[in-house]
Amino acid sequence: MAEPIRLNRGSGAVNEGIDFEHFVAARSQRLLRTAYLLTRDHALAEDLLQTALSKAWRVWERIGAEPEPYVRRIIVTTYSSWWRRRWTGERPTEHLPEPSAAQVNTADRADLWDAVGRLPRRMRAVVVLRFYEDLSERETAELLGIAPGTVKSQTSKALAHLRIDPAVVGDADRRGELA
Amino acid sequence: MSTIDDLRNELAKRAEDVPSGHHIQRLSGIRRKRAAHRRRLTGAVAAASALAVAAVVALVPGNAPETDPAPPAAQKPGKAAAELPGAPIPVVEESGVELYETPGLATLNGYAVGEAGQQQVEFSFVAGSSVLSYTSFCTGGPRPNVSLDEALWISITVNGQLLPRGTCSSTAGSPQAPTMSLGRSSYEQQAEAWASVGVRTGERVEAVARLTDADGRASSDPDVAIGAAFWSKSNDQHHVTPSTVVDDLVEFAGVNYNHVTTVSTSVSEGGSLPVWLDQGSETPMLVHWGYVGSGGVFTLQRTGGRATESLQDNTQRGGGASKHLLRSTDSFPLRVIAEHLNSGEVTLWAALYEPVQ
């Protein structure tokens with residue numbers, strides 16, 4: 001009689017630390033939020049997350065006991081490559097329409113969010129990793145595969161972009177604040 | 001923007017706006033992407049092989065084409081795809097076996113396909129709900145048309161508990177769908193039955209499929225590979241009689257169908273249940289029909305026309321059901337007729353479904 005063989009096909013990939021299904025169940029919602037902050041679209045975020053997880057699944061047994069940083073890195077790198085390849089629907093707007101008086105109060109939150117959306121993709125990734133994921137400059141650099149100094153300069157430029165973004169400046173002026 | 005805190009708050013608030021998706025659906029999407037990736041790889045390998053062969057043929061002296069090659073024939077959609085009344089259910093492929101990912105209310109949870117000659121396969125998965133359904137199958141040429149005594153069987157255990165077994169039937173090229181479950185028809189009853197073998201939502205299930213003979217003894221066949229698959233099932237059902245429930249989404253021949261309406265009535269000998277299809281279109285409809293209460297002969301037929309389908313039941317009390325696809329529903333009446341009843345009254349019921357597009 002042949003020896004029984006343990007198969008982990010389908011949904012049963014395991015590594016030494018955590019199995020794939022449990023990881024998806026426990027951590028994918030958090031990763032989805034990161035994907036959403038990058039893509040700014042719920043459907044694209046889900047697609048990006050599933051793509052990243054399917055890539056991670058193929059090498060799950062080699063990832064190690066803490067797969068989340070690895071999966072997050074796939075999300076960010078896939079996001080960058082997808083942007084170049086097929087995400088052509090989202091384009092920065094150079095001249096913003098003037099908001100009506102009725103829109104001013106409800107648009108406060110949207111202004112900063114829109115300004116983040118106008119950042120170049122790499123800057124946006126740095127902003128999300130630094131200020132949503134709370135990664136250090138060194139951790140962000142490792143995740144993006146760039147030098148810590150580049151993360152520092154990208155962060156500074158991103159904040160500068162946001163401070164001079166017309167929507168944010170307008171919002172601050174309306175509230176009597178200065179950036 | 002006055003501070004970096006504003007930015008942090010904004011990102012945190014936006015992130016909270018993300019609706020929570022169910023991880024089972026997410027896993028299903030991941031499987032689809034993996035299957036698509038494999039198909040692309042297979043296609044790329046095939047294309048590369050074809051190019052390599054073409055290059056070799058062209059380089060061999062005397063094999064150079066003397067005329068321009070003919071353009072490739074236009075590809076036609078597959079016969080099955082062309083005839084499907086709705087959107088085909090996505091499948092995953094493993095070792096030549098295709099499995100439906102989302103047939104009806106079920107979502108594929110875990111599966112394994114062994115190698116030829118392997119007597120047993122083990123696999124594990126996380127139960128996506130408290131009710132599972134499953135199937136087992138063989139590939140590689142199990143002997144056809146043998147008696148049940150001579151047939152090979154596949155016994156399945158979950159968490160060490162034996163489930164109702166199935167014969168070692170060939171996959172015959174069609175995708176696998178769940179064929180077996182535990183408990184009676186209601187979701188609660190099924191959940192109780194699955195709980196008795198240790199299946200609970202979100203918990204890992206250890207499954208083992210073994211090839212056996214009719215008496216349950218371990219068997220093997222060098223040409224036969226065995227496999228099994230489990231699906232989790234959601235609780236979207238409703239009663240058509242006090243003791244009968246139907247699913248709101250059902251699979252039939254590779255397409256999912258949504259429930260539209262249900263009719264039922266109690267009849268005695270010779271009575272019938274009218275089933276009016278007044279959709280007024282050529283949309284195919286699925287009729288899920290059955291009876292509860294008495295054995296007899298039950299027939300689905302066009303009014304005034306010939307029988308479409310019959311069920312015979314010799315038991316004193318019982319129930320049965322069947323599904324029948326009506327290719328055209330251009331406002332014609334059907335009825336379910338109860339005859340040769342073994343006792344008293346019987347409840348006839350019919351549920352109509354339309355294909356998911």
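How many residues of the lining of the largest pocket are nonpolar, how many polar and how many charged? The legends below take that up first, and everything in them comes from a predicted model.

**View 1. Here's the largest pocket, with a volume of about 560 Å³.** Its lining is made up of 26 residues, and those closest to the centre are B:Pro178, B:Gln190, B:Lys233, B:Asp247 and B:Lys323. As for the opening question, the lining splits into 12 nonpolar, 9 polar and 5 charged residues.

**View 2. Now for an open sheet of 4 strands in chain B.** Read across, the order is β3-β11-β5-β9, with antiparallel pairing. At the edges sit β3 (106-113) and β9 of chain B, each of which pairs on one side only. Strands like these are held together in a sheet by backbone hydrogen bonds.

**View 3. Zooming in on the pairing of β5(B) with β11 (residues 225-233) of chain B.** These two run antiparallel and share 8 bridges. To get your bearings, find B:Ser133, which faces B:Trp231 in β11(B).

**View 4. Over in chain A, this one is about A:Thr140 in helix α8 (residues 137-144).** Is A:Thr140 buried or exposed? A:Thr140 is buried, because its relative accessibility is 0%, and the cut-off for buried is under 20%. Leaving aside residues up to four places away in sequence, A:Thr140 touches A:Leu129, A:Arg130, A:Leu135 and A:Val151.

Methods:
Residues are numbered from 1 along each chain as its sequence is written. Chains are lettered from A and ligands numbered from 1 in the order in which they are written. This is a predicted model: local features need pLDDT of at least 70, side-chain atom pairs count only at pLDDT 80 or more; totals for chains, interfaces and linings use all residues. Side-chain values use heavy atoms; hydrogens and water are left out. Buried means under 20% relative accessible area, exposed over 50%, partly exposed in between (1.4 Å probe, protein chains only). Contact means heavy atoms within 4.5 Å. On a 1 Å grid over the protein atoms alone, a cavity is a set of points where a 1.4 Å probe fits but cannot get out, and a pocket is an open set with protein on both sides within 12 Å along at least five of seven lines; lining residues have an atom within 4 Å of a point. Grid points are joined across faces, edges and corners, and a volume is the space filled by probe spheres set on the points. Ala, Val, Leu, Ile, Met, Phe, Trp, Tyr, Cys and Pro count as nonpolar, Asp, Glu, Lys and Arg as charged, and the others, Gly among them, as polar. Two strands pair if DSSP finds at least two bridges between them.
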